[in-house]
Amino acid sequence: MEEEVPLDSELFGREQPCFGCSPSHPIGFHLRFARRGEEVVTRFTPGEQYQGPPGVLHGGLATTLADEIAAWALIAHKGRFGFTVDIKARLCKPVRIGVEVEGTERIVKDGSRVVRTAVELHQQKTLCYQGDFTFALLGEAAAQQLLGRPLPEQWKRFAR
């Protein structure tokens with residue numbers, strides 16, 4: 001098994017608003033990521049507050065988890081952040097509440113403006129979710145236009 005190298009969970013600031021990775025979001029996932037070879041990996045144990053059907057992680061939140069892994073892949077592999085423009089998701093098995101999820105990612109198409117990643121979520125070595133995520137890589141001006149506000153200072157180095 002390859003060594004996992006942690007990524008800095010506060011790259012965008014401790015108080016940044018992301019539901020997936022903000023260390024201080026009041027109801028967020030508080031995800032942490034690591035590089036493992038060519039993959040980005042995270043682990044997360046969904047609590048009861050995230051269920052849809054009883055005992056099962058809400059499908060939209062499973063996709064949120066996968067999208068966050070894909071986004072951090074861009075940070076880890078390219079030193080960039082991107083904006084999700086397309087998602088293809090397949091819920092293979094229920095993601096159970098209270099059971100650790102391991103999410104992994106790999107880049108499948110690496111372009112200068114568009115990147116496509118594949119994400120898998122496993123519980124107890126069983127594939128529960130497969131996703132294909134496409135991201136647009138924007139420069140600072142385009143990112144600010146999309147956001148409708150100035151880009152936070154800590155994000156600027158990832159928009160080039």
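**Exercise 1. Find which residues line the second largest pocket, and sort them by class.**

Step 1. Met1, Arg36, Arg43, Glu100, Val101, Glu102, Thr104, His122, Gln123, Gln124 and Lys125 form the lining. A pocket here is an open set of points on a 1 Å grid over the protein atoms alone, where a 1.4 Å probe fits, with protein on both sides within 12 Å along at least five of seven lines; lining residues have an atom within 4 Å of a point.

Step 2. A word on the source: this is a predicted model, in which local features need pLDDT of at least 70 and side-chain atom pairs count only at pLDDT 80 or more, while totals for chains, interfaces and linings use all residues. Residues are numbered from 1 along each chain as its sequence is written, and side-chain values use heavy atoms, with hydrogens and water left out.

Step 3. Sorted by class, the lining of this pocket has 5 charged residues (Asp, Glu, Lys and Arg), 4 polar and 2 nonpolar ones (Ala, Val, Leu, Ile, Met, Phe, Trp, Tyr, Cys and Pro), the others, Gly among them, counting as polar.

Step 4. Strand E5 (101-110) gives the most to the lining of the second largest pocket, 3 residues. Strands are DSSP runs of E with at least two residues, helices runs of H or I with at least four, numbered from the N terminus.

**Exercise 2. Work out which side chains Glu102 meets in salt bridges.**

Step 1. Apply the rule: a side-chain nitrogen of Lys or Arg lies within 4 Å of a carboxyl oxygen of Asp or Glu.

Step 2. Glu102 pairs with Arg36 at 3.5 Å, N to O. Because Glu102 sits in strand E5 and Arg36 in strand E2 (residues 34-36), this pair ties together parts 66 residues apart in sequence.

Step 3. Glu102 also forms a salt bridge with Arg43, with the closest N and O atoms 2.8 Å apart. Arg43 belongs to strand E3 (residues 39-44), so here the tied parts are 59 residues apart in sequence.

Step 4. Check accessibility, where buried means under 20% relative accessible area, exposed over 50% and partly exposed in between (1.4 Å probe, protein chains only). Arg36 is buried at 10%, whereas Glu102 is partly exposed at 24%.
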